Protein chains: 2
Amino acid sequence: MKIVVGHKNPDTDTICSSIVMAYFMDAKPGRQGELNPETKYVLEKFGVPEPELITSAEGHEIIMVDHTEESQALDDFDKGEVITIIDHHKNGMITSKPIIHLTKPVGATATIIAELYFNNSLGFIGAKNKELTPKMAGLLLSAILSDTVLFNSPTTTEQDRVMAYKLADAAGIDDIEAFGKELLKAKSTIVKESPEKIVQYDFKEFNMNGNKIGIGQVEVVDAADLEQKEKEIVDILKRKVVDENYRMIVFAITDVLKKGSKVLVLGNSEDFEKAFNIKLENGAAFMEGVMSRKKQLVPPLEEFYKNA
Amino acid sequence: MKIVVGHKNPDTDTICSSIVMAYFMDAKPGRQGELNPETKYVLEKFGVPEPELITSAEGHEIIMVDHTEESQALDDFDKGEVITIIDHHKNGMITSKPIIHLTKPVGATATIIAELYFNNSLGFIGAKNKELTPKMAGLLLSAILSDTVLFNSPTTTEQDRVMAYKLADAAGIDDIEAFGKELLKAKSTIVKESPEKIVQYDFKEFNMNGNKIGIGQVEVVDAADLEQKEKEIVDILKRKVVDENYRMIVFAITDVLKKGSKVLVLGNSEDFEKAFNIKLENGAAFMEGVMSRKKQLVPPLEEFYKNA
């Protein structure tokens with residue numbers, strides 16, 4: 001069985017890209033965990049069912065979307081056969097065979113899929129050039145708006161905008177701005193969840209030159225909404241560092257309107273201070289303009305551990 | 001300065017793909033070593049100058065073609081900025097930033113470039129969709145015929161054939177078969193070279209789960225042509241294992257007509273016996289049907305060292 005699967009702690013780009021790729025590849029979409037409120041909102045809006053929970057790669061041909069890091073893949077991914085990777089992150093996986101691997105530094109994996117479709121290039125990755133339905137276009141559009149935080153993230157590229165407008169057209173959505181705000185509203189309901197859920201919401205594990213590093217992120221419309229839960233979040237992260245043997249955990253509370261992130265740093269927080277050349281106060285700092293884990297948090301840390 | 005560069009010990013696919021990608025990207029093609037007789041023949045035939053020798057990545061934006069292994073890249077590749085990888089090998093590089101990375105399991109990197117061109121998808125990787133001149137088409141065709149050993153290698157795919165015929169058309173070459181035999185003849189002049197040159201001709205270094213493994217290959221029209229030089233080749237390889245600290249070196253003498261390879265194995269040759277479940281005699285064996293390092297030699301060894 002051919003399955004399409006995104007990263008752990010799935011977000012809207014991972015889920016929507018999985019569903020649309022599965023549609024084009026005649027495969028089955030899977031998810032590696034609970035959907036967040038924004039993704040649920042999107043699937044409901046376009047009337048698309050939740051993908052099935054997948055916990056094992058065994059016996060499957062795997063199409064990985066929106067991740068290449070082994071730590072974000074199915075735990076037993078090497079029991080299946082990874083045949084294709086479509087992603088917009090850095091390369092995180094050495095393979096033992098040549099596979100179809102396509103990554104581009106754009107704002108969302110959905111942008112790459114849209115480009116392949118609109119350019120009649122889906123055949124290039126072994127997918128079918130069938131018609132993009134309005135539902136599928138709506139999913140890809142949602143993924144782009146979500147991952148680029150309505151084109152506000154510094155990861156946003158010209159292609160993201162161009163594809164979003166083409167997709168909005170195909171999905172019959174006239175007002176991208178208004179639709180984006182609906183998504184943002186759905187997304188920000190996360191602050192009402194328990195601190196445990198908030199921490200797990202979008203948490204990723206990285207292996208940086210042998211160091212186990214965790215980076216979580218939550219996007220909020222107003223950081224003040226989270227303030228009263230912050231102490232509990234810090235306590236959970238402290239325990240996580242010890243229990244799961246992290247060298248360091250960074251948790252970014254990204255304020256979408258202020259366009260910056262408050263980072264909470266646990267474990268060997270002096271690594272963070274050195275990597276970013278900043279001083280933390282009580283293990284925290286507000287970083288102006290920092291909105292993207294992939295583009296603004298991961299690379300300086302990778303660089304730091306490479307040379308440490 | 002933007003440069004396009006292929007792997008060490010360049011072969012026809014690496015050089016021709018570098019030149020054509022440089023043409024489409026308005027970049028400068030480079031080479032990491034001496035050209036082999038086949039590649040020289042191809043460049044002469046189409047009247048294209050040899051790329052310049054490149055020894056450092058410093059200050060360059062790098063477009064890597066036909067390799068992703070760090071050990072096959074410029075020694076100081078991390079002093080430059082790798083922006084793009086176009087390849088048909090397994091993933092061999094973890095990057096610290098998202099880049100344009102495009103690999104496909106086809107017979108030649110040239111096939112991927114041709115597909116991008118004929119599909120009007122060069123823009124997808126940031127290249128210009130300018131016209132493919134007959135010269136450039138001739139280079140890509142030569143690369144495909146060389147890397148697939150005239151469609152005889154098990155790495156050959158339907159796309160390689162389709163692209164080769166389109167390229168032959170664009171290059172004004174009527175008889176692919178006859179042209180392929182010309183290439184084979186040029187290639188097989190390697191047997192007239194010194195044993196040192198034969199060993200270095202197409203030698204690649206791999207890091208397999210921390211083990212330094214060398215795999216060299218030479219394609220001959222008749223293996224008997226090399227027989228009298230074999231003892232000297234073995235002596236050179238034995239010294240190479242010790243001097244350069246290899247765990248094992250495999251040298252494949254691939255007989256294009258017999259469609260199989262005689263392998264010479266030096267260093268910890270018991271690894272090879274276990275990985276392929278065969279018995280060597282005097283450190284050598286003939287392997288029926290084995291023509292591709294990438295597809296038939298590398299994966300079992302990667303698998304073996306992963307589990308060793």
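Asp26(A) counts as partly exposed in this predicted model, with a relative accessibility of 46%. A salt bridge joins Asp26(A) to Lys130(A), and their closest N and O atoms are 3.1 Å apart. Asp26(A) sits in the loop between α1 and β2 (28-31) of chain A, while Lys130(A) sits in the loop between α3 (109-118) and α4 (134-147), so this pair ties together parts that are 104 residues apart in sequence. Lys130(A) is likewise partly exposed, at 28% relative accessibility.

Another contact in chain A is formed by Lys8(A) and Asp75(A), a salt bridge whose closest N and O atoms lie 2.6 Å apart. This pair, too, links distant parts of the chain: Lys8(A) is in the loop between β1 (2-5) and α1 (12-25), Asp75(A) is in the loop between β4 (61-65) and β5 (81-87), and 67 residues separate them. Lys8(A) is partly exposed at 24% relative accessibility, whereas Asp75(A) is exposed, with a relative accessible area of 67%.

Lys262(B) belongs to strand β10 (residues 260-267) and Glu230(B) to helix α8 (residues 230-243), so the contact ties together parts that are 32 residues apart in sequence. Glu230(B) counts as buried because its relative accessibility, 15%, falls under 20%. Lys262(B), at 27%, counts as partly exposed.

Over all chains, the count comes to 36 salt bridges.

Definitions and conventions
Residues are numbered from 1 along each chain as its sequence is written. Chains are lettered from A and ligands numbered from 1 in the order in which they are written. This is a predicted model: local features need pLDDT of at least 70, side-chain atom pairs count only at pLDDT 80 or more; totals for chains, interfaces and linings use all residues. Side-chain values use heavy atoms; hydrogens and water are left out. A salt bridge is a side-chain nitrogen of Lys or Arg within 4 Å of a carboxyl oxygen of Asp or Glu. Helices (H or I, at least four residues) and strands (E, at least two) are DSSP runs, numbered from the N terminus. Buried means under 20% relative accessible area, exposed over 50%, partly exposed in between (1.4 Å probe, protein chains only).
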